[in-house]
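Please read them with the structure open.

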Amino acid sequence: MVPLGAGMALAMKRQKRGNISVAFYGEGAANQGQVFEAFNIAKLWDLPVIFVCENNQVARNSEAHRTTACTEFYTRGDYIPGIWVDGMDLLTVREATRWAAEYCRAGYGPIVIEMDTSHLHGHAISVANYDALQISDDMASKDPITKFLHQLLKNQPCFADELKEIDEIVASEMEIAVEKAKNDPEPDESETFTEICTTWPDQRKIRGCDAFSLHQS
């Protein structure tokens, strides 16, 4: 995603529409060479891109201090300035992102934001057990949605009934969506290449898994 974000930023800069690109990556991916290659070209050309490092402390299943020499990820842009943000605070994230967007649009080039966050569940089904890295109750209590709701009710207690109603509506919608996903049939293989491109000439086909497989979009 980091090189792709830089490429999108290059297109946006050339289009001169004032848009910016936001590229997300985890601290587990922060050591990959492609990240530093993208950083280099983004700063060389002062591209309007925000590189967001979502630091959940344990990547997929390894603590950062076991894999990374410098765990202050917001400093690792070197020639790109960076800031650290509490990624578990909705309002803090909003304001930091707003400021970073203004920085990019002002023509100063890229910026790195380290969003300090945490897992509330395992990274995936295949990594269900964290052993020594078990998610603590303290981390769960910092859930950004719950935290924001507490802030909202503290300042506007009259919203309590309205928020409860919204919560019930969302829960109902999610239940319906889950049941539909469980009961719907698997899509036909012909749908694999449907609408990959918004505009595509009729005579053009999309390459499949090898150079000899071509498919109509």
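How many nonpolar, polar and charged residues does the lining of the largest cavity have, by class?

1. The lining has 6 nonpolar, no polar and 1 charged residues. In this count Ala, Val, Leu, Ile, Met, Phe, Trp, Tyr, Cys and Pro are nonpolar, Asp, Glu, Lys and Arg are charged, and the others, Gly among them, are polar.

2. A word on the basis. This is a predicted model, in which local features need pLDDT of at least 70, side-chain atom pairs count only at pLDDT 80 or more, and totals for chains, interfaces and linings use all residues. Residues are numbered from 1 along each chain as its sequence is written, and side-chain values use heavy atoms, with hydrogens and water left out.

3. The cavity itself. A cavity is a set of points, on a 1 Å grid over the protein atoms alone, where a 1.4 Å probe fits but cannot get out; lining residues have an atom within 4 Å of a point. Grid points are joined across faces, edges and corners, and a volume is the space filled by probe spheres set on the points. The count is 1 cavity of 30 Å³ or more. The largest cavity holds about 40 Å³ of space. Its lining is Y25, A30, V35, F36, F39, F73 and R76. Helix α2 (residues 33-44) gives the largest share of that lining, 3 residues. Helices (H or I, at least four residues) and strands (E, at least two) are DSSP runs, numbered from the N terminus.

4. The nonpolar cores. A nonpolar core is a set of buried Ala, Val, Leu, Ile, Met, Phe, Trp, Tyr and Cys residues joined through side-chain atoms within 4.5 Å. Buried means under 20% relative accessible area, exposed over 50%, and partly exposed in between (1.4 Å probe, protein chains only). The largest core has 18 residues, and V2, Y25, F39, L47, V49, F51 and V112 have the most contacts inside it. α1, β1, α2 and β2 each give two or more residues to this core. Its largest share, 4 residues, comes from α2. A second, separate core has 12 residues, including I50, V52, V85 and A96.

5. Y25 belongs in both stories: it lines the largest cavity and is among the residues with the most contacts inside the largest core. Leaving out residues up to four places away in sequence, Y25 touches V2, A30, F39, F51, V52, C53, E54 and V112. Contact here means heavy atoms within 4.5 Å.

6. Next, D89. It sits in the loop between β3 and α4 (90-108). D89 is buried, because its relative accessible area is 11%. Its side chain reaches the backbone nitrogen of T92 at 3.0 Å. A polar atom of that side chain lies 3.1 Å from the backbone nitrogen of L91. Beyond its neighbours within four places in sequence, D89 is in contact with K147 and Q151.

7. N56 lies in the loop between β2 (49-55) and α3. Is N56 buried or exposed? N56 counts as buried, because its relative accessibility is 16%. Its C-alpha atom is 6.0 Å from that of H119, 63 residues apart along the chain. Not counting residues up to four places away in sequence, N56 touches E27, T117, S118 and H119.

8. Please check two backbone angles. K16, in the loop between α1 (2-15) and β1 (21-26), has a positive phi near 55° and is not glycine. K16 is exposed, with 75% relative accessible area. D78, in the loop between α3 (64-67) and β3 (82-86), has a positive phi near 60°, again in a residue other than glycine. D78 is exposed, at 64% relative accessible area.

Conventions:
Polar contact = N/O pair within 3.5 Å; in protein donor to acceptor, adjacent residues only side chain to side chain. 1 Å grid on protein atoms, 1.4 Å probe; cavity = no way out; pocket = protein on both sides within 12 Å on 5 of 7 lines; lining within 4 Å.
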